[in-house]
Each structure stands twice: as C-alpha cells, then as structure tokens.
Amino acid sequence: MHKWFRVTQWFKVSEEQIAEILDRVRSELPTTEALLIGKPQTGKSSIVRGLTGVSAEIVGQGFRPHTQHTERYAYPSEDLPLLIFTDTVGLGDVEQDTDRIIEELAQELEGKTVGARVLILTVKINDFATDTLRQVVQKLRQKYPQVPCLLAITCLHELYPADVENHPVYPPEFESLQRAASAIEEGLKGDRALEPDRVILIDFTLEEDGYTPVFYGLDQLRDTLGDLLPEAESRAIYQLLDQGVGKQLGSLYRDVGRRYITAFTIMAATVAAAPLPFATMPVLTALQVSMVGVLGKLYGQTLSVSQAGGLVSAIAGGFLAQAIGRELVKFIPGFGSAIAASWAAAYTFALGETACVYFGDLMGGKKPDPNKIQSVMREAFQGAKERFKNQ
C-alpha cells in the first residue's frame, strides 16, 4: 500500500508543474507585442478588433491599466498570448507629461522579450497636430532602431467626397485623402533614419456605421506587418486573419496542446499497466482532470478541479462504463494489464484532443455543440486505439 501511495503521488500534477509547463509553452509561442501610439479616438482599439476578430465590447473590457500612461490587452489570454497590445493613454493631452510617456514606453521595450515587437502609430486623416507623436516616436526609434515602426493613417471616411457613401476600391485615390496623408507624413519627418518604416491607410469602422468592408485595408495591414515581423510571428498573424480564429487555434494551439496531451497519455498508460484492478481508476481520473485543467489554461479558460472534472464527465459520455469494463480484464494474468494500458492511453489522448476542440470553440466565440464534441471524442478514440494497440 505504501509503495502504491508513492506511485500515485509521483503521478500527481502539482500547480508548480503546471506553471512550469505553461512557462515552457509560453516561451515557444510566436507572440507579437504591438505598442499602439496615438491620441485617443484614432483607431487603436479598432486595430485590435481587426487583428483578433473580437467584438468592440470585449476589446474595451480586455484592456487593463499597465503603467500610469499605458494599458495592456493580451489576446487570447494573459497566460498564453499570441498578441499583446500596449496602448498609450493621454498622448496629445497638454496636461500629460510626454517625457514620462516616453520613459514608460522605453521601459516596455527594455523589458523581457516574449517574441517580436512592433510600434504602430495611429493618426486620423484630418489631424495634422503631430508634434507630440513625432517627439515620442523619434526618441524611441533613436534608442531602439531594431524595433520596426508602422504609421497607420485612420478614419479615412471623414475626408471622403460628399457624394461617396462607401469605401472605394483599395487603395483610395481621392485627392483630398492623398493631400492629407502627405501632410501627415511631412509633419512626422525629422531625421530620416528615425521615421516610420512603412505607411498604410486604413479605416476600421463599426458594423452600424454602414461601411463595407468594416475593416477597410485589413489585408494591407496584415501584409505590412508580415513584412516587418519575423517569420514565426508573421505566420501567426496570417493564420489569424486568413483562416479565422477557430481554425487558427486548431493549427497553433492544438500543436502546443498535443505536447502535453502526449505527456499525460504516457503517464496514464504507465498507471493503467499496474496489475491492480480498480485501484488505478482514481489516479487515472486525477491525471485526466489535471490534463483538462492545463489545456483550459492554454486556451484562456481557468477551471477549478470540480469544473475540470465536470467537463471530463461531459466529454467522456458513455466511455466511463467501458473504462470499468477494461479494468475487469486485468484479472487475466499477463494479458489484461497490457490491454488496459493501451486503452487508457487511447482514452486519455482522445479526451485531450476533444478538450482542445471544446476550448477552441469557446475561444472562437462559439458555444460548443455537445453532439460535435461526442463525435470528436469517438473518432479521436478510434484513431488513438489503432495508434496505441501495439505500443
């Protein structure tokens, strides 16, 4: 009994172990931190909406105070972000200390690098008072020339001719826009080496504004960021925008999730191989609940142990009865334990795969379909049985 207690303790997953796993996964994610620098109401939150696909309400709730003059929003979660947006607060306000804003942004750039970084400047098409912005950007670029810089000129529709009711074919060629954009670029000029690397015209509106497309110039923003960012981070941006959130999670987060689905699967098989009928069931269940909890954190969902256990039950459905049946096979000397280990491995792997689908739907803003979840579980289990039956 004492020996078995040591075995069960060895397979227990602690909070410290989970934290270590998350740290390792976080270090491998292609994370991009975008520092959004511009006055209020210049389209910074709209850029967040365009790149993430989340609603304006969620973006508004997502930003949290970071320093005195910045707010931060991590997408899809603080634990494991693909995109981190740092937004300047109060830029252009005469009562704000510009030097302090510069100092806080510099500290951000000095901090521990979690991936790639890019400066995104936002200026409304009809705002030519850019002295403060130029001061901020040139000081940052002088100190951090390796960080790429993009100027996004926004709110284009505010200078459309009176008879134009919708966005034109991109790029917009109205003379009024061209003159205004040139004036903004001229106003930001100083030392040429410190000027923005690229300039883009965009107009990201709300659905109720009536403009089509809502995110005018999004493809161009994607391509420009792709040119400025390293390969891995650029690929993540393309996956976000080209495939949609659900599929993107399937290709990026699923790959990450499988790394420790595999680890839990190996542990489950080892536990199930012990020739002790029924005694392994509590340990297997604990392992599987821990796995679902870790996967939840990967997808930005923090679950209690009871919530993770409830989700395991909901996903597993009728498999519990089969699990008990497999335990009985262990009474066959020299044969039952091998079958149980193979079954436990397949079951645990399928449970992890199905949990990823469940959490991926939640992250993509969809309500998981119970019929779909059960179907995924059955298919994943059948495939995993073939994979593990001879191992």
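The protein's secondary structure comes to 15 helices and 9 strands. Helices (H or I, at least four residues) and strands (E, at least two) are DSSP runs, numbered from the N terminus. This is a predicted model, in which local features need pLDDT of at least 70 and side-chain atom pairs count only at pLDDT 80 or more, while totals for chains, interfaces and linings use all residues. Residues are numbered from 1 along each chain as its sequence is written, and side-chain values use heavy atoms, with hydrogens and water left out.

Of the 391 residues, 50% count as buried (under 20% relative accessible area; exposed is over 50%, partly exposed in between; 1.4 Å probe, protein chains only). Of the contacts (heavy atoms within 4.5 Å) with a separation of 6 or more, 73% join residues 24 or more positions apart.

**Pocket and cavity**

Both kinds of space are found on a 1 Å grid over the protein atoms alone. A cavity is a set of points where a 1.4 Å probe fits but cannot get out. A pocket is an open set with protein on both sides within 12 Å along at least five of seven lines. Lining residues have an atom within 4 Å of a point. Grid points are joined across faces, edges and corners, and a volume is the space filled by probe spheres set on the points. In the table, Ala, Val, Leu, Ile, Met, Phe, Trp, Tyr, Cys and Pro count as nonpolar, Asp, Glu, Lys and Arg as charged, and the others, Gly among them, as polar.

| Space | Volume | Lining by class |
|---|---|---|
| Largest pocket | about 480 Å³ | 7 nonpolar, 11 polar, 8 charged residues |
| Largest cavity | about 70 Å³ | 4 nonpolar, 6 polar, 2 charged residues |

The largest pocket is lined by 26 residues; Gln41, Thr42, Gly43, Lys44 and Ser45 are the closest to its centre. H3 (44–52), S4 (83–88) and S8 (203–204) each supply at least two lining residues. H3 gives the largest share, 3 residues.

The count of cavities of 30 Å³ or more is 3. Lining the largest cavity are, among others, Gly38, Lys39, Thr42, Asp127 and Thr130. S5 and H6 each supply at least two residues of that lining.

**Thr130**

Thr130 sits in the loop between S5 (115–124) and H6 (131–143). Its relative accessible area is 3%, so Thr130 is buried. Beyond neighbours within four places in sequence, Thr130 contacts Val123, Gly187 and Leu188.

**Helix packing**

H12 (residues 305–316) and H15 (residues 370–388) pack at about 75 degrees, with axes 8 Å apart. Therefore H12 is roughly perpendicular to H15 (65 to 115 degrees; under 35 is roughly parallel, over 145 roughly antiparallel, the rest oblique). Axes are lines fitted to C-alpha atoms, for helices over the stretch in contact, and angles run from 0 to 180 degrees between N-to-C directions. Ala314, Ile315 and Ala316 in H12 meet Ile373, Gln374 and Met377 in H15.
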